[in-house]
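Please walk through this fold with me, one part at a time. We take the sheet, then the ligand shell, then the helices.

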Amino acid sequence: MVGIEVRDAFVDFPIFDARSRSLKKKVFGKVGGKIGTGAKVPVVEALRGITLSLREGDRVALVGHNGAGKSTLLRLLSGIYEPTRGSARIRGKVAPVFDLGVGMDPEVSGYENIIIRGLFLGMTRRQMLDRADDIAEFTELGDYLHMPLRTYSAGMRVRLALGVVTTIDPEILILDEGLGAVDAAFIAKARRRMVDLVERSGMLVFASHSDELLMELCSTAIWMDEGAIRMTGPVTEVLTAYKGHPPFAGT
Ligand SMILES: Nc1ncnc2c1ncn2[C@@H]1O[C@H](COP(=O)(O)OP(=O)(O)OP(=O)(O)O)[C@@H](O)[C@H]1O
C-alpha cells in the first residue's frame with residue numbers, strides 16, 4: 001500500500017556563515033521562509049508544523065510564492081530530508097524528479113544515460129533496455145544519442161531526461177517542475193506522455209508555477225506560505241484563492 005503520513009513536521013536550515021548582525025532588523029520581505037534570529041546561528045525555518053496524509057490515487061499540486069517551502073516539502077516527502085522535529089512516514093517506492101539533469105553522466109553517451117537515469121529512478125537495466133528505442137524516438141535526438149552528453153545543449157538534455165522520466169512506472173512520483181529549457185512544441189509533445197505517466201503512477205505530488213499543467217495533472221492542491229500549509233482543497237479552488245482570481249484568467 002502506497003501512502004505518506006506527515007505529523008507536525010519542521011525542517012530548519014541553520015546558516016553557519018550568515019552575518020546575523022545584519023539580520024536582526026525587522027524584515028518585511030515577502031519571499032522565502034522565516035529567518036529565526038533568536039539562536040546564536042540564524043535558522044531558516046523552511047517548513048513549519050506540516051501535517052498531511054496522502055493515499056494511493058492522490059494527485060496533489062503544490063503552489064506558493066518563491067521560497068514558500070515547496071521544494072523542501074517535496075524533499076521531505078521523498079525521504080531525502082528528515083524532519084528536524086515531527087515525523088514523516090513514507091510507504092512505497094519514490095521516484096523523485098527534481099532536477100532533470102540529476103543522475104546523468106556528461107562523459108557517456110545519451111543511450112548510456114538513458115540506462116543510468118532509469119536505474120536512478122528505480123527501474124531495472126532490463127526494463128530500460130526494453131524502453132530505449134521508444135525513448136530515442138521520442139527525444140528526436142537521432143545520432144546525438146551516440147555522442148557524450150556534454151555535447152548536448154540544455155534543451156537537448158531536458159528532452160533526454162523527459163524521455164526517460166515519462167517511461168518509468170513509479171509508485172510515488174514527486175515532481176518539481178524544471179521544464180524551462182525545452183521549446184514549446186516539445187512540451188506539447190511531452191504533455192501526452194506526462195498525463196500517461198501520472199495515470200499509471202500510484203501517487204503524484206507536483207510543484208509548479210504553471211496553472212495549466214497543475215490543472216491538467218492534479219485533482220487537489222496545497223498552498224504553501226512561509227513554510228506552512230495555508231490552504232488545501234480542490235485544485236481550482238486553491239489556485240483561485242492563491243492567485244486572487246480563477247486560474248487562466250489574467251495570468
Ligand atoms: N539547503 C538550504 N539551506 C538553507 N536554506 C534553504 C535551503 N533550501 C531551502 N532553503 C530556504 O528554505 C525556504 C524554502 O525554500 P524552497 O526551495 O523549499 O522554496 P520553494 O517554494 O520551492 O521556492 P521556489 O518556487 O522559488 O522554487 C527558503 O527561504 C530558502 O531560502
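Two strands pair if DSSP finds at least two bridges between them. Helices (H or I, at least four residues) and strands (E, at least two) are DSSP runs, numbered from the N terminus. This is a predicted model: local features need pLDDT of at least 70, side-chain atom pairs count only at pLDDT 80 or more, and totals for chains, interfaces and linings use all residues. Residues are numbered from 1 along each chain as its sequence is written.

Start with the sheet. Four strands make up an open sheet, in the order S2-S3-S1-S5, and their pairing is antiparallel. Which strands stand at the edges? They are S2 (34-36) and S5 (85-91); each has a single partner strand, so one side of each is left without a neighbour in the sheet. Neighbouring strands of this sheet are turned by 35° against each other on average, direction ignored. Strands of a sheet pair through backbone hydrogen bonds, either parallel or antiparallel.

Now go strand by strand. S2 and S3 run antiparallel, joined by three bridges. Here Gly36 has Val43 in S3 as its bridge partner. S1 (residues 3-14) pairs with S3 over nine bridges, also in the antiparallel sense. Val11 stands opposite Leu47 in S3. S1 and S5 are antiparallel too, with six bridges between them. Phe10 finds its bridge partner in S5, at Arg85.

Next, the ligand. There are 13 residues around the ligand, and Gly32, Ala46, Asn66, Ser71 and Thr72 come nearest. A residue counts as near a molecule or strand if its C-beta atom, placed from the backbone, lies within 6 Å of it. Strand S3 (43-55) and helix H1 (70-78) each supply at least two residues of this shell. H1 gives the most, with three residues. By class, the shell has four nonpolar, eight polar and one charged residues. For these classes, Ala, Val, Leu, Ile, Met, Phe, Trp, Tyr, Cys and Pro count as nonpolar, Asp, Glu, Lys and Arg as charged, and the others, Gly among them, as polar.

H2 (residues 110-120) and H4 (residues 154-165) pack at an angle of about 45°, with their axes 10 Å apart. That makes H2 oblique to H4. Axes are lines fitted to C-alpha atoms, for helices over the stretch in contact, and angles run from 0 to 180 degrees between N-to-C directions. Angles under 35 degrees count as roughly parallel, over 145 as roughly antiparallel, 65 to 115 as roughly perpendicular and the rest as oblique. Gly110, Asn113, Ile114, Arg117 and Gly118 in H2 meet Leu160, Ala161 and Val164 in H4. Two residues are in contact if their C-beta atoms, placed from the backbone, lie within 7 Å.

H2 also packs on H3 (residues 125-139), at an angle of about 130° and with the axes 9 Å apart. H2 and H3 are therefore oblique to each other. On the H2 side, the contact includes Tyr111, Ile114 and Leu119; on the H3 side, Met128, Ala132 and Ile135 are among the residues met. The contact of H2 with H3 divides into seven nonpolar, two polar and one charged residues.

H3 and H4 complete the tour. Their axes come within 9 Å and cross at roughly 140°. Ile135, Phe138 and Thr139 of H3 make the contact with Arg159, Leu160, Gly163 and Val164 of H4.
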